[in-house]
Amino acid sequence: MRFHILTLFPDMVMNSLHTSVIGRAVERELIEINAVNIRDYTQDKHGKVDDYTYGGGAGMLLQAQPVFDAHQAVTGSRKVRTVYVTPQGVPFTQKLAMELAKEEELLFLCGHYEGIDERALEEIVTDHVSIGDYVLTGGELPAMVMVDAISRLVPGVLGNEVSADTESFHNDLLEYPQYSRPEEWHGKKVPEVLLSGDRKKIAEWRLEQAKERTRRVRPDLFKKYLQKEKVLEMLFKQKRNNIHLIETLSRGTGEILYAEGESLLIYNRACDIVLLTAENMEHGEKMISLIPETCELAVTSQSFLNDLLLDKRGFQVCQECNQVCYTPREPLPVRHKDIRMLTRDEFSYVAEHYALGDPDSVKERIDAKAMYGAFVEGRIVGFAGIHEDGSMGMLYVDEKYRCQGIGAALESYIINRERESGHTPYAHIIVGNEESLRLQEKLGLYQAKQNIWWLVKKACISLQSVLNS
Ligand code: ADE
């Protein structure tokens, strides 16, 4: 991932971001940090970049020309998501960090003095983001905060992938207290349960501690957590029909935008998809008005929502799908020896054979460690993976190797891995794909009674990257 930071103080940024975890990630070329001095782009012969504000007011303003030219020099003809760090922005949260971590390239624009001429901002900025309700002397510290929070989500940066997943905020709860050696220090003992070796009891204790701490310190977060628990309880009453909603919420990627009775609107910010289920038209209409403007993909559980989405928001049905999920407790046997996680080495094979995927999303899935391949004598002969929304799919096997159980082995392998991560594996099968449905049944996946629909706002192109074949 490449970060560009446009600033008047490039040394400040470079010095800080070249130490510890982020510094090592730079050395290992997992991320690249490019600090650009805005002053290098001024056309003023004295190197001036700021001036007084029209209409009066204290302080100086960064002028449009050097900011715009620096931006042009960095981005050229590429469209790069450009974040202006400002107290006037939307709050920077873990969810936004997750969303920004999906980009291959990000640009941070740091203001200083009183800010930046609005005309330059209008032309180059895609996001205005604040790190909190206080005012700093410049945007460098906020930009560094964001680069740090985003970098640790880039695969490989933390080394231990688990820690990015389970820490504070991923589940609307703060982290539980932790202890290391010695067992007793200053007369204080490590809680008994942590020494018991009983994983279940430890998990329960940690959850209770996390809840108690969140309730005390962050009542706002705790309210969200309780709402989510209540919604999940409702969804579990029809687990198979609601599996996509349940998994989106329990994996921490979904935000509840509307919940009333059995109606629910979830926004998966990480992949810009909304999921809707509604018990009546009135709720449906309310939910549809809440769908974020940027969102181009929707999944519905009732067909009347499709008409509303078309009329009011211009979404069109692209696919009707059966939902299947794997709920047995036992793992599945994997009847193929060589199945492993794919790397960029296999990118061209996947891009060539996965008819529905655009190359960028294939790359993104491989980098996210979400693609697996079956190999015969060291050569890849098929693959499958997990879509950005969490569902399994993208199954492909070379013609020569079909009907030999390789597809089943790939899916079984993924199901086992998903279960180990605490997820319920699920997939969306396009209605009419009887061959796939037979495979699901053979593996022991249950089919939901209700179908779901995928809808897309413009051309079907972006949908193709997330749909199952
Ligand atoms: N620049 C100055 N203060 C800031 C803040 N709180 N967040 C983002 N950018 C800033």
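Which residue forms a salt bridge with Lys 201? It's Asp 198, and the closest N and O atoms of the two are 3.7 Å apart. Before I go on, keep in mind that this is a predicted model.

Okay, let's stay with that pair for a second. Lys 201 counts as partly exposed, at 49% relative accessibility. Asp 198 is partly exposed too, with a relative accessible area of 30%. The general idea here is simple: side chains of opposite charge can pair when their charged atoms come close.

Here's another one. Glu 212 and Arg 215 form a salt bridge, with 3.0 Å between the closest N and O atoms. Where do they sit? Both are in helix H8, residues 199-217, and because they are 3 residues apart there, about one helical turn separates them. Glu 212 comes out as partly exposed at 35% relative accessibility, and Arg 215 is partly exposed at 43%.

Now, buried or exposed: what about Arg 251 and Glu 247? Both of them are buried. They form a salt bridge as well, and their closest N and O atoms are 2.9 Å apart.

Arg 81, Glu 99, Glu 103, Asp 127, Glu 255 and Arg 269 are linked by salt bridges. If you're wondering about the total, the count comes to 27 salt bridges.

As for burial, Tyr 349 counts as buried at 13% relative accessibility, and Phe 383 is buried with a relative accessible area of 0%.

Phe 383 has another partner, Tyr 354. Their ring centres are 6.4 Å apart and the planes are at 90 degrees, so this pair is edge-to-face. Again, distant parts of the chain are linked: Tyr 354 is in the loop between H13 and helix H14 (359-367), Phe 383 is in strand E17, and the two are 29 residues apart. Tyr 354 is buried, with a relative accessible area of 4%.

Arg 340 lies over the face of Phe 375, at 3.7 Å from the ring centre. Over on Phe 347, the charged end of Lys 363 sits over the ring, 4.9 Å from its centre.

Last stop: the second largest pocket. How much space lies in it? About 700 Å³. It's lined by 28 residues, and the closest to its centre are Leu 395, Val 397, Gly 407, Glu 435 and Leu 439. Several elements supply at least two lining residues each: strands E17 (379-386), E18 (392-397) and E19 (426-430), plus helices H15 (406-420) and H16 (434-443). Which one gives the most? That's H16, with 6 residues. By type, the lining of this pocket divides into 13 nonpolar, 10 polar and 5 charged residues.

Methods:
Residues are numbered from 1 along each chain as its sequence is written. This is a predicted model: local features need pLDDT of at least 70, side-chain atom pairs count only at pLDDT 80 or more; totals for chains, interfaces and linings use all residues. Side-chain values use heavy atoms; hydrogens and water are left out. On a 1 Å grid over the protein atoms alone, a cavity is a set of points where a 1.4 Å probe fits but cannot get out, and a pocket is an open set with protein on both sides within 12 Å along at least five of seven lines; lining residues have an atom within 4 Å of a point. Grid points are joined across faces, edges and corners, and a volume is the space filled by probe spheres set on the points. Helices (H or I, at least four residues) and strands (E, at least two) are DSSP runs, numbered from the N terminus. Ala, Val, Leu, Ile, Met, Phe, Trp, Tyr, Cys and Pro count as nonpolar, Asp, Glu, Lys and Arg as charged, and the others, Gly among them, as polar. A salt bridge is a side-chain nitrogen of Lys or Arg within 4 Å of a carboxyl oxygen of Asp or Glu. Buried means under 20% relative accessible area, exposed over 50%, partly exposed in between (1.4 Å probe, protein chains only). Rings of Phe, Tyr and Trp (its six-membered ring) pair if their centres lie within 6.5 Å; planes under 30 degrees apart count as stacked, over 60 as edge-to-face and the rest as tilted. A charge sits over a ring if NZ of Lys or CZ of Arg is within 6 Å of the ring centre and within 35 degrees of the ring normal.
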